[in-house]
Amino acid sequence: MHEMEEELMATLAGRVWQTVQQYPVKTALELGEREFTYRELYDAAASFAQSILELEDPNPFVAVMADKSFSCYAGILGILIAGKAYMPVNPRFPASRNLIMLRKAGIRVIIAGENADEELEQVLDDYENEIFILFPEEIEWREKTTMIPRIVDPDQPAYLLFTSGTTGEPKGVPVSNGNVTAYLDFMHGSYEFYPQDRFTQLFDLTFDLSVHDMFLAWTSGACLLVPEDTSSFAMSRFIREKEPTLWFSVPSVVNVMDRMRLLKPEIFPSIRLSFFCGEALGENTARAWKTAAAESRVVNLYGPTEATIAISRYDIPDEPGKWKVEIGIVAIGKVFAGNSFLILKENIEDQTGELCLAGNQVVCSYYKNEEADRLGFFIDNETNTRYYRTGDLVKMDDSGDLFFLGRKDSEVKISGYRVNLKEIENVLEKYESVRQAVVIFDSREPGAGSILAFIVLKEDEKTKIEEQLNLLCRDALPWYMVPGKFIFVDEIPLNVNGKVDRSLLMKRFHDGK
Amino acid sequence: MENEIRKRILEMISGKLQRFSIKESEIGNNFDLVKSGLLNSMEFVDLVASLEKWKGTEIDFEAALDAGNFTTVGGLTSAFLPVG
């Protein structure tokens, strides 16, 4: 391989460019009823890349604020072709939260979606930096471009995502080209993907599982299928009409379909490979899916954003009796080659401990956040290896398969999104009438569960303020973090160690006291 | 029958309407319970399950979804009306 080609293959954009050379007229993207070839996608992306380069912005990140559209996907690819990293911003998330992310990343260039004007205005009203907005309609479109992606160091970020943090502000996770290509190499080496494959793309672009869909498809010459309606209700029809061969979703989507009695035997014959990630995969959920997608191999993936999409996998055997399951949850299997792990136990005789990860998929640090780095990473003195602490409690069986057992902190997964309950408490406690807020995820609620906010009001506060608190949360937090119920209590019970007694709070709630 | 089902739906979501300061009179047949953000997917399925229990019947979700407006108040009401 020539040196330049090797360098290109070390970047995400370089790998897509190579696919474009191989399959220029194949469909790369199906958005509802509209289809776009690899050539069309790349030409549009190169047009964005040219505009970005002309701005000579020194910042490594460019934001994309758009609903899923052709411009949005071309914009993401264009940012990478220009040698930059993309930062997805969901226009439907609260402006205040989007503003925090733009500020943290020091964004100066934004690619705007066709219908994001109003949301952009709301965010940029309070933004201090000079900003250049690239509107698709103002881009000079190029056809049959010969533009080759910029060669960048594999350590340079490919994307920047934000996860929920304890301090009340999201943390930036910069994932490098090297991290993502390591993931792609592992997946291509473990499963076969073909140009005739049709990948689902159900995840929001602020969610790193969307990177799996886009870049496994576009490094296989396959087609990415983006449904117009991504709600769980629309999925059964979408599968029957669009006939994907590869499925990737959070388990909650299957739970909704199952409760709607839509998972009839062998109803989805087109699917040959199904991945689940983002939440614990329940045994019953996996069985329901196996019934409907009977021809499909089913794989349970596990991985935090800091370890690039997924870093362990469990291929569920066809024979139901051979499944590895613990407390009703399917195993998360073995960590991918090229990465290592250790289980940090409080006592040597403990069965369970915190999963810590290192290797070519694990990011070096958070973005400009020393406090989060200090809490999230450590050096193992024995091996001189830097590990990331996942906060996930696991145990390992004799054959080396890992089992997810829960969290050691206040983080939960809701519809696949990471939610730190302390972030919600921080938002609520900013309200002047609130003395204390304790937020609990009630896993007894069916399906996605429910966030309960227990509130103690200040003494002089006589009126219930549920409506204001709800508005406050909707203004500051994305929809999946807004509490489902506000419960006003006189005091928060403490246990013998002086910590909040969450079990007692929940018991009182369920007993109706 | 239609009014009875609609009334029951509004009763079942009254807590949510109160929280979002939405008056019952603002809820037309085209009001989408999910797209409006009032209910999430699982809450909507819970609502359907409660209506099924109340009516003592099971609806055909596939047919209801194919109708295209299932998550609206009008669409949900229609799903519980007798066929024909």
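In this predicted model, six salt bridges are counted between chain B and chain A. One salt bridge joins the side chains of B:Glu62 and A:Lys264, with a distance of 3.1 Å from N to O. By residue type, the side of chain B that touches chain A comprises 10 nonpolar, five polar and six charged residues.

The size of an interface is often expressed as the accessible area that is lost when the parts come together. Here, chain B and chain A bury about 2000 Å² between them, and 52% of this area lies on carbon and sulfur atoms. Within chain B, the residues that lose the most area to chain A are B:Arg19, B:Met42 and B:Glu62, which together account for 36% of what that side buries. The contact draws on 21 residues from chain B and 23 residues from chain A.

The structure also contains two cavities of 30 Å³ or more. The largest cavity holds about 50 Å³ of space, and the residues of its lining, among them A:Thr11, A:Leu80 and A:Lys84, divide into five nonpolar, four polar and one charged. The second largest cavity has a volume of about 40 Å³; its lining, which includes A:Lys104, A:Phe162 and A:Tyr367, consists of three nonpolar, two polar and three charged residues.

Definitions and conventions. Residues are numbered from 1 along each chain as its sequence is written. Chains are lettered from A and ligands numbered from 1 in the order in which they are written. This is a predicted model: local features need pLDDT of at least 70, side-chain atom pairs count only at pLDDT 80 or more; totals for chains, interfaces and linings use all residues. Side-chain values use heavy atoms; hydrogens and water are left out. On a 1 Å grid over the protein atoms alone, a cavity is a set of points where a 1.4 Å probe fits but cannot get out, and a pocket is an open set with protein on both sides within 12 Å along at least five of seven lines; lining residues have an atom within 4 Å of a point. Grid points are joined across faces, edges and corners, and a volume is the space filled by probe spheres set on the points. Ala, Val, Leu, Ile, Met, Phe, Trp, Tyr, Cys and Pro count as nonpolar, Asp, Glu, Lys and Arg as charged, and the others, Gly among them, as polar. Contact means heavy atoms within 4.5 Å. Buried area is the accessible area (1.4 Å probe) that two parts lose on being put together, summed over both. A salt bridge is a side-chain nitrogen of Lys or Arg within 4 Å of a carboxyl oxygen of Asp or Glu.
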